[in-house]
Amino acid sequence: MPGLLAGPVVPLRLVHRDPPRPRQPGWVRIRPRLSGICGSDLATLSGHTSLYFTPLVSMPFVPGHEVVGELLDDAGDLPAGSRVVVDPVLGCAARGVAPCAACAGGRHNRCDRVTVGHVAPGLQTGYCKDTGGGWSGELVAHVSQLHPVPDELPDERAVLVEPLACAVHVARRAALADGCSAVVVGAGAVGLLVTLALRELTPAGHITTVAKHPHQVELARRFGADDVVAPRDVTAAVRRAQRAMALTPERGPAYLLGGADVAIDAAGSKESIHTALRVVRAGGRVVLGGLPGEGIDMTPAWFRELDVVGAYASDADDFEVALRLAADGPLEGLVGQTYPIDRWREALDHAYDAGRLGTVKVAFDLRNGAR
Ligand SMILES: [Zn+2]
């Protein structure tokens, strides 16, 4: 409902406070230039996230984890003034603790130590009280979180690197063999970027993307979907494409016997996850690419012997691939509108209603300061 998210009950305020200071070696100050608004930010602000996360954040925090910014301090080889994108995951390196098994293997998105070390609990920058976040004039980050932005990459593309890295990670978790079919359920920023990553980086065959709004249909096609269908048509479309059989239970949505090789939930709603679970063939794979909703019926995972895998954040390799995609991908116009920070209520309303308003990504523009 427009106005509700950014209304008086939202647990968010615009305040003046001293910026966070680097307190340990390896930490530097960053001035954000553009900071994206992510679906997970909106879910957090509207109370639609699981209480599972409560030990993994520290309050009060400054949101914002999709950040392109400018270094205010030298960071290793990178001189002050360089533009960087921030990998928001606060793993062992950032926390100054000996690497856990996941971090030692280069998979800091699976870090076991996101609550310990010299940084307050917080799975990411933007959920941690010590680091600040992107929706502000200044934050701090550890050098291990930084990726330099090439001069020729404009801010409007660089701010997409973090969500692109997550999409690259989803595409890798989909583990598509040559020619396999994929269904992407959702065509917000995540679903569109996942469609692009599947087409650019994997040997996927037929890709079906589920989209609600006209601009999403056009972008899904531009990004490589063979078929773009409305949510109510996806089961029938996959049934036809895969010569599967549809069954309709007494309650709940129809499902297929037979179906796509892989389905990716890119919306995180109960409905989108049910769709993903119900259009995949027996023995197929379902990737949870978004923060999952509650009340999911897992019956198909059992009956169809599905591999259900999560895809959370990204690792360092994903960021390097995302930087290349940000430079080469057909991403014109994806950052639909930017707002100064003092218009945060409008910005959040716009982001919450982005699909209907024909926008993919809304961002805060902090290049004139955090006004
Ligand atoms: Zn770790």
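Q: Are Arg83 and Asp155 buried or exposed?
A: In this predicted model, Arg83 and Asp155 are both buried.

Q: How do the side chains of Arg83 and Asp155 meet?
A: They form a salt bridge, with a distance of 2.8 Å from N to O. Arg83 belongs to strand β3 (residues 83-86) and Asp155 to helix α4 (residues 155-158), so this pair ties together parts that lie 72 residues apart in sequence.

Q: And which side chain does Glu156 meet in a salt bridge?
A: The partner of Glu156 is Arg367, at 3.2 Å from N to O. Glu156 lies in helix α4, while Arg367 lies in the segment after β15 (361-365), so the pair ties together parts 211 residues apart in sequence.

Q: With which other residue does Arg367 form a salt bridge?
A: Arg367 forms one with Asp365, where the closest N and O atoms are 2.8 Å apart.

Q: Which residues are linked in the network of salt bridges?
A: The network links Arg33, Glu70, Arg83, Asp155, Glu156, Asp365 and Arg367.

Q: How many salt bridges does the structure hold?
A: There are 20 salt bridges in the structure. As a general point, side chains of opposite charge can pair when their charged atoms come close.

Q: Changing topic: what coordinates the zinc ion?
A: The SG atoms of Cys92, Cys100, Cys103 and Cys111 coordinate the zinc ion, at 2.3 to 2.4 Å. The angles among these four donor atoms run from 104 to 117°, and the site is tetrahedral.

Q: How are the donor residues spaced in sequence?
A: The spacing of the zinc donors is C-x7-C-x2-C-x7-C.

Q: Is Cys92 buried or exposed?
A: Cys92 has a relative accessible area of 1% and is therefore buried. Cys103 counts as buried because its relative accessibility is 16%, which is under the 20% cut-off.

Q: Now the sheet, please. What is the order of its six strands?
A: The open sheet runs β8-β7-β6-β11-β12-β13, with parallel pairing. The edges are β8 (227-229) and β13 (307-310); each has a single partner strand, so one side of each is left without a neighbour in the sheet. On average, neighbouring strands are turned by 15° against each other, direction ignored.

Q: Over how many bridges do β12 and β13 pair?
A: Strand β12 (residues 280-288) pairs with β13 over four bridges, in the parallel sense. Val287 stands opposite Val309 in β13.

Q: Which strands does helix α5 lie across?
A: Helix α5 (residues 161-174) lies across β11 (260-265), β12 and β13, and runs at about 155° to β12.

Q: And helix α9, which strands does that lie across?
A: Helix α9 (residues 270-278) lies across β6 (182-185), β11, β12 and β13, running at about 150° to β12.

Notes: Residues numbered from 1 in each chain as written. Predicted model: local features only at pLDDT ≥ 70, side-chain atom pairs only at ≥ 80, totals over all residues. Heavy atoms only, no water. Donors = N, O, S within 2.8 Å, 3.2 Å for Na, K, Ca; no water. Tetrahedral: all angles 85-135°; square planar, octahedral: opposite > 155°, others 65-115°. Buried < 20%, exposed > 50% of the residue type's maximum accessible area, 1.4 Å probe, protein only. Pairing = 2+ DSSP bridges. Helix = DSSP H or I, 4+ residues; strand = E, 2+ residues; numbered from the N terminus. Axes fitted to C-alpha atoms, helices over the stretch in contact; angles between N-to-C directions. Contact = heavy atoms within 4.5 Å. Salt bridge = Lys/Arg side-chain N within 4 Å of Asp/Glu carboxyl O.
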